[in-house]
Structures are given as structure tokens and as C-alpha cells.
Amino acid sequence: IVENTEVVISINEDNRNIYTHVNMPDDEYYVEAWLADIDLSNTNHSYSSLGTLRGVYPLDYIEVTVKGSMYDDTRN
């Protein structure tokens, strides 16, 4: 038996401003997404025979730009 599962990870689909730490310096940064290993051996289901499912690293990464802070937006 082979089972395939499609996983979709959506980040900020509406392209809204997202704030980082208030004192984070302006710069270019990377945000990474990955799937960690999953240990199924200790479960009470038949899945336990699968042992550990290997994760995927890196699954994806994006570059983000930090410019200013939320204080710049709230002062206006």
C-alpha cells in the first residue's frame, strides 16, 4: 500500500505587513520552512510499525525585508 499526501503551506497569501521584533535592525533576512522527523513508534496505532518518518529540510525559504518598525505605522 502506498499513500501520498500533498501538503500546502501558505504564508501571508494576502501580502499583508507583518511586524517582527520591535528592535530588529533593518536588513534582509530568510525565513525557512521544513518538516521535522516524526516518530510514530510510540503511538498506539498500526502506524507505529512505520518507525520514524524522515522530515524534509529545507522545504522552502523566502527572503524578507525588515524596514522600520510597527512604531513607524502607529505614530502617524
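# Briefing on a predicted chain

A search of the whole structure, which is a predicted model, finds two aromatic pairs. In one of them, the ring centres of tyrosine 30 and tyrosine 61 are 5.6 Å apart and the ring planes meet at 65°, so this pair is edge-to-face. The pair links distant parts of the chain, since tyrosine 30 belongs to strand β1 (residues 27-35) and tyrosine 61 to strand β4, 31 residues apart. The points below describe both pairs, the chain as a whole, its pockets and some individual residues.

**Aromatic pairs**

- Tyrosine 30 has a relative accessible area of 53%, so this residue is exposed, the cut-off for that class being over 50%.
- Tyrosine 61 has a relative accessible area of 49% and is therefore partly exposed.
- Tryptophan 34 and tyrosine 57 also pair: their ring centres are 5.5 Å apart and their planes stand at 70°, so the arrangement is edge-to-face.
- Tryptophan 34 is partly exposed, because its relative accessibility is 48%.
- Tyrosine 57 is exposed, because its relative accessibility is 55%.

**Overall form of the chain**

- The C-alpha trace of the chain spans about 60 × 20 × 20 Å along its principal axes.
- Of the 76 residues in the chain, 7% are buried.
- When contacts between residues at least 6 apart in sequence are considered, 63% of them join residues at least 24 apart.

**The largest pocket**

- What is the volume of the largest pocket? Its volume is about 540 Å³.
- The lining of the largest pocket is formed by 21 residues, and Asn17, Ile18, Tyr19, Thr20 and Thr65 are those that lie nearest its centre.
- Both β4 and α1 supply at least two residues each to this lining. Strand β4 gives the most, with four residues.
- By class, the lining of the largest pocket comprises nine nonpolar, eight polar and four charged residues.

**The second largest pocket**

- The volume of the second largest pocket is about 450 Å³.
- Its lining is made up of 15 residues, of which Glu3, Thr5, Ile38, Leu40 and Leu53 lie nearest the centre.
- The residues that line the second largest pocket divide into 11 nonpolar, two polar and two charged.

**Serine 69**

- Serine 69 is located in the loop between β4 (56-66) and α1 (70-74).
- Is serine 69 buried or exposed? Serine 69 counts as buried because its relative accessibility is 18%, and the cut-off for a buried residue is under 20%.
- Leaving aside residues up to four places away in sequence, serine 69 touches Tyr19 and Val22. Tyr19 is also among the residues nearest the centre of the largest pocket.
- Serine 69 and threonine 20 are 49 residues apart in sequence, while their C-alpha atoms are 7.6 Å apart in space.

**Backbone features**

- Most residues other than glycine have a negative phi, and most peptide bonds are trans. The next points concern two places in the backbone.
- Tyrosine 57 and proline 58 are joined by a cis peptide bond, with omega at about -15°. Proline 58 is in strand β4.
- Asparagine 15 is not a glycine, yet its phi is positive, at about 55°.
- Asparagine 15 is placed in the segment before β1. This residue counts as exposed because its relative accessibility is 66%.

Notes. Residues are numbered from 1 along each chain as its sequence is written. This is a predicted model: local features need pLDDT of at least 70, side-chain atom pairs count only at pLDDT 80 or more; totals for chains, interfaces and linings use all residues. Side-chain values use heavy atoms; hydrogens and water are left out. Buried means under 20% relative accessible area, exposed over 50%, partly exposed in between (1.4 Å probe, protein chains only). Contact means heavy atoms within 4.5 Å. On a 1 Å grid over the protein atoms alone, a cavity is a set of points where a 1.4 Å probe fits but cannot get out, and a pocket is an open set with protein on both sides within 12 Å along at least five of seven lines; lining residues have an atom within 4 Å of a point. Grid points are joined across faces, edges and corners, and a volume is the space filled by probe spheres set on the points. Ala, Val, Leu, Ile, Met, Phe, Trp, Tyr, Cys and Pro count as nonpolar, Asp, Glu, Lys and Arg as charged, and the others, Gly among them, as polar. Rings of Phe, Tyr and Trp (its six-membered ring) pair if their centres lie within 6.5 Å; planes under 30 degrees apart count as stacked, over 60 as edge-to-face and the rest as tilted.
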